[in-house]
Amino acid sequence: MALLVIGIGMLALMRLLSSYAAKLHRPITYSELYRIVQENRPILSHWTDAENVHRFPLRQPPKVTGALRIVEIRDFDFSPCGGTHVSATGQIGLIKVLRAEKNKGGVRVEFLCGRRAVSDYAWKHDFIRRTAE
């Protein structure tokens, strides 16, 4: 099962969710995801071209040609990507999955991470506290 991740947050988290779920052939749990984030694994970028891309253990071949950037989560995953990234998984911080739904043979996951997740928790906690008064 492929995992398509659309979210509000950092691209590195998308890679973690997608990679891990694909390897397990099942949804990833919060505890598994947090373990990878807390391990603070380095995230490295490698440049290659279509002729040499076979040197990287990619889950799927890239859909673009020319110069390719391959993002590596150390000892975990390689993925072609043109986005921005943190330098280590620990920089992702808190993760909050808002919802997951089936989509085109995979799963679409909406999430918050880092300061956005902390702000969301703080707002909801304050709302519940004020409502209970």
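How many aromatic pairs does the structure hold? In this predicted model, there are two aromatic pairs.

## The tilted pair

F56 and F78 form a tilted pair, with 6.0 Å from centre to centre and 50 degrees between the planes. F56 belongs to the loop between β2 (43-48) and β3 (68-73), whereas F78 belongs to strand β4 (residues 77-80), so the pair ties together parts that are 22 residues apart in sequence. Both F56 and F78 are buried.

## The stacked pair

W123 and F127 form a stacked pair: the centres are 5.6 Å apart, and the angle between the planes is 10 degrees. These residues are separated by about one helical turn because they are four residues apart in helix α3 (residues 115-132). An α-helix has 3.6 residues a turn, so residues three or four places apart point the same way.

W123 is exposed, with a relative accessible area of 52%, while F127 counts as partly exposed at 42% relative accessibility.

## A charge over a ring

Y121 takes part in a contact with a charged side chain: the charged end of K96 sits over the ring of Y121, 4.8 Å from its centre.

## The faces of helix α2

Which residues of helix α2 (residues 30-38) are buried? They are E32, L33, I36 and V37. Seen down the axis of α2, the buried residues fall within an arc of 135 degrees, so they line one face of the helix.

S31 and Q38, on the other side of α2, are exposed. Just after α2, N40 takes a positive phi of about 55 degrees.

Notes
Residues numbered from 1 in each chain as written. Predicted model: local features only at pLDDT ≥ 70, side-chain atom pairs only at ≥ 80, totals over all residues. Heavy atoms only, no water. Phe/Tyr/Trp six-rings, centres within 6.5 Å; stacked < 30°, edge-to-face > 60°. Helix = DSSP H or I, 4+ residues; strand = E, 2+ residues; numbered from the N terminus. Buried < 20%, exposed > 50% of the residue type's maximum accessible area, 1.4 Å probe, protein only. Lys NZ or Arg CZ within 6 Å of the ring centre and 35° of its normal. Arc of directions from axis to C-beta.
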